[in-house]
Amino acid sequence: MAAGRRGRAAAALLLLSVAVTGCGGATSTGTDGPGAGPAAAASAGTAATATVLPAARRPPAPDTAGRDLAGRDLALRSYRGKVVVLNVWGSWCAPCRAEAPELEALRGALEPRGVRLVGVNVRDRSTGPAVGFEKTYGLHYPSIHDPDGKLLLAYPPALLNPQAIPSTLVVDRQGRIAAAVSGPVTRARLEPLVTRVAEEES
């Protein structure tokens with residue numbers, strides 16, 4: 001009997017702890033005061049709801065670097081001074097196949113204005129399927145090969161969820177995350193976001 005009472009008491013304490021933690025978490029994430037960090041109120045939207053973050057709310061993009069699908073070194077920092085559309089994709093991903101022509105069309109339209117597209121290819125154990133994907137969809141922008149998705153772990157989870165493939169970020173000329181989209185994009189939805197960031201003064 002005593003053991004049963006102790007077990008019930010421990011369970012009640014656990015439930016109370018969870019309730020208190022949950023309330024505290026909800027309060028802290030909803031805070032938008034002076035103490036909130038740049039990413040505190042920032043989160044990824046869908047292609048239809050994503051917005052450009054105010055400059056003061058933009059967290060720095062991690063120094064994403066690795067080998068591209070041809071085995072050459074590729075680093076996000078080498079694009080500083082340009083607006084970068086960073087797209088996370090996999091050859092196995094049906095929504096990625098749907099958005100690939102849209103991204104290539106965006107690249108062709110905005111590259112003359114200093115915008116660059118860079119991919120991060122995830123969960124393709126070898127580069128073969130990813131290279132085949134690029135050829136099939138006529139992609140002319142490089143992608144870092146990140147088979148384990150380790151590079152994604154450095155990003156704020158609210159802006160780039162490693163489980164949400166595809167995902168797209170817009171990185172401004174100062175190397176800060178200016179917009180985040182979870183899920184597939186279209187050129188029509190993404191281009192206004194990128195254009196707005198590209199039109200900002202350096």
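Helix α2 lies across strands β3 and β4 and runs at about 165 degrees to β3. This is a predicted model, in which local features need pLDDT of at least 70 and side-chain atom pairs count only at pLDDT 80 or more, while totals for chains, interfaces and linings use all residues. Residues are numbered from 1 along each chain as its sequence is written, and side-chain values use heavy atoms, with hydrogens and water left out.

Helices (H or I, at least four residues) and strands (E, at least two) are DSSP runs numbered from the N terminus. Angles, from 0 to 180 degrees, are taken between N-to-C directions of lines fitted to C-alpha atoms, for helices over the stretch in contact; contact means heavy atoms within 4.5 Å.

| Helix | Lies across | Angle to β3 |
|---|---|---|
| α2 | β3 and β4 | about 165 degrees |
| α3 | β3, β4 and β5 | about 120 degrees |

The open sheet has 5 strands in the order β5-β4-β3-β6-β7, with mixed pairing. β5 (143-146) and β7 are the edge strands, each with a single partner, so one side of each has no neighbour in the sheet. Strands pair if DSSP finds at least two bridges between them. β3 and β4 run parallel and are joined by 7 bridges; Asn 87 has Gly 119 in β4 as its bridge partner.

The largest nonpolar core holds 51 residues, of which Tyr 155, Leu 190 and Val 194 touch the most other members. β3 supplies the largest share, 6 residues. Such a core is a set of buried Ala, Val, Leu, Ile, Met, Phe, Trp, Tyr and Cys residues joined through side-chain atoms within 4.5 Å, buried being under 20% relative accessible area (1.4 Å probe, protein chains only). Beyond neighbours within four places in sequence, Leu 190 contacts residues including Val 85, Leu 103 and Val 170.

Technical notes:
Buried < 20%, exposed > 50% of the residue type's maximum accessible area, 1.4 Å probe, protein only.
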